[in-house]
Amino acid sequence: MCPPPIVIMETNKIYNMECVEGMKQIIPDDSINVVITSPPYNVGIDYDSWNDKMEWNDYLEFAKNWLSEVYRCLKKDGRIALNIPYEINVMKRGGRIFLVAEYWKIMQEIGFKFAGIVDLQEIQPQRVKLTAWGSWLKASAPYIYNPKECVIIAYKEEWKKQDVGNSYFTDSDKHKEEFKELVYGMWKYRAETRGLTKANFSYDIPLKALKILSFQEDVVLDPFMGSGTTAEACIRLNRQYIGFEISKSYCNTMKCRTEQERLSADTFTQNSTSFGSDKPNSFNKDLTATQQVASPKCPSDTSLNPDIKLNRGICSQRLK
Ligand SMILES: C[S@@+](CC[C@H](N)C(=O)[O-])C[C@H]1O[C@@H](n2cnc3c(N)ncnc32)[C@H](O)[C@@H]1O
């Protein structure tokens, strides 16, 4: 009898595919060290290629499907950092929802084990002006709303990693302080102001998660790559990445970041056809996160022409 075929997964690639299908087709069992992701929240964001207004039960089914695939792909000591809001209000499609509880119920059923929850604290928050307060100046029906987000940290079977590589942290005083900050479940982050897609997260989130959860050369999966923030953090910290994004124009935005020599060792793949740049990586590791995010001139989501395809348009002139 023939031995089972050896599946070799290529890393440092982002696939323009639906993620559940993509994970099934491309990622072998027990192959991923860390998943860092922020899924669509089903709050009606006008994404380029995804219905963010599903019936609530369909959304839960979708969450179960992609989280089950993630679980299959993770190594035994693999981890996930899942960025979601504490709560959402989907109005007629289900009212107020304690999103963390819903996700954790699904994750627990699949088999994930809990390793912590991080409260995300925006530096200079921009969303504190609430206008919905329910019964004004009366206790009859006040509307108590928390706009904050968090990161759920969980793992597959074993929390202690067996196969460890080089850590981000050295013995320096600066790193000792940073380590203490990251194991405390409150991370400060700078708001993402570039608007590269409808809902890109702050670069600080994957950067902090990678520092505290992964080692150099680890393979990191983001099933919802959006504008490629997780990939960018991986390059900066010398981790391998693999990811999926359903929108062609968002993939174009990622490509644009590459063209600006921030992800220049990157290769993008559409439906398994590779294209990309083979320029040496000139990402400046000495810059701070703020400096890195301040420089790009990629088109923002509002200025992106939804008709731009991967082989033409603003960022694609140099595609092979
Ligand atoms: C919250 S955003 C993630 C943003 C990303 N973290 C970033 O910084 O740009 C969710 C992304 O998932 C994509 N998406 C939604 N459903 C998808 C699916 N089934 N498969 C792959 N991508 C999907 C959306 O197009 C959107 O870009």
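## The pair H1 and H2

In this predicted model, helix H1 and helix H2 cross with a left-handed sense. Helix H1 spans residues 19–26 and helix H2 spans residues 56–73, and their axes come within 9 Å of each other while crossing at roughly 25 degrees. Because angles under 35 degrees count as roughly parallel, that crossing makes H1 roughly parallel to H2.

The residues that meet are Cys-19, Val-20, Met-23 and Lys-24 on the side of H1, and Asn-65, Trp-66, Glu-69 and Cys-73 on the side of H2. Sorted by class, this contact of H1 with H2 holds 5 nonpolar residues, 1 polar residue and 2 charged residues.

Helix H5, formed by residues 204–213, packs against helix H6, formed by residues 229–237, at an angle of about 45 degrees, and the axes of the two helices are 8 Å apart. With that angle, H5 is oblique to H6, and the crossing of these two helices is right-handed.

On the side of H5 the contact is made by Pro-206, Leu-207, Leu-210 and Lys-211, while H6 contributes Thr-229, Thr-230, Ala-233, Cys-234, Arg-236 and Leu-237. By class, the contact of H5 with H6 comprises 6 nonpolar, 2 polar and 2 charged residues.

## The setting of H5

Helix H5 is largely enclosed by the rest of the structure, because 9 of its 10 residues are buried. These buried residues are Asp-204, Ile-205, Pro-206, Leu-207, Lys-208, Ala-209, Leu-210, Ile-212 and Leu-213. Pro-206, Leu-207 and Leu-210 are therefore among the residues of H5 that are buried and also take part in the contact with H6.

## Around the ligand

The ligand is surrounded by 20 residues, and the closest of them are Cys-19, Asn-200, Phe-224, Gly-226 and Thr-229. The shell around the ligand divides by class into 10 nonpolar, 8 polar and 2 charged residues.

## The chain as a whole

The chain contains 8 helices and 12 strands, and of its 320 residues 35% count as buried. Among the contacts in the chain with a separation of 6 or more, 71% are accounted for by residues 24 or more positions apart.

Key:
Residues are numbered from 1 along each chain as its sequence is written. This is a predicted model: local features need pLDDT of at least 70, side-chain atom pairs count only at pLDDT 80 or more; totals for chains, interfaces and linings use all residues. Axes are lines fitted to C-alpha atoms, for helices over the stretch in contact, and angles run from 0 to 180 degrees between N-to-C directions. Helices (H or I, at least four residues) and strands (E, at least two) are DSSP runs, numbered from the N terminus. Angles under 35 degrees count as roughly parallel, over 145 as roughly antiparallel, 65 to 115 as roughly perpendicular and the rest as oblique. A crossing is left-handed if the near helix is turned anticlockwise from the far one by less than a right angle, and right-handed if clockwise. Two residues are in contact if their C-beta atoms, placed from the backbone, lie within 7 Å. Ala, Val, Leu, Ile, Met, Phe, Trp, Tyr, Cys and Pro count as nonpolar, Asp, Glu, Lys and Arg as charged, and the others, Gly among them, as polar. A residue is near a molecule or strand if its C-beta atom, placed from the backbone, lies within 6 Å of it. A residue is buried if 20 or more other C-beta atoms lie within 10 Å of its own, exposed if 12 or fewer, and partly exposed in between; C-beta atoms are placed from the backbone.
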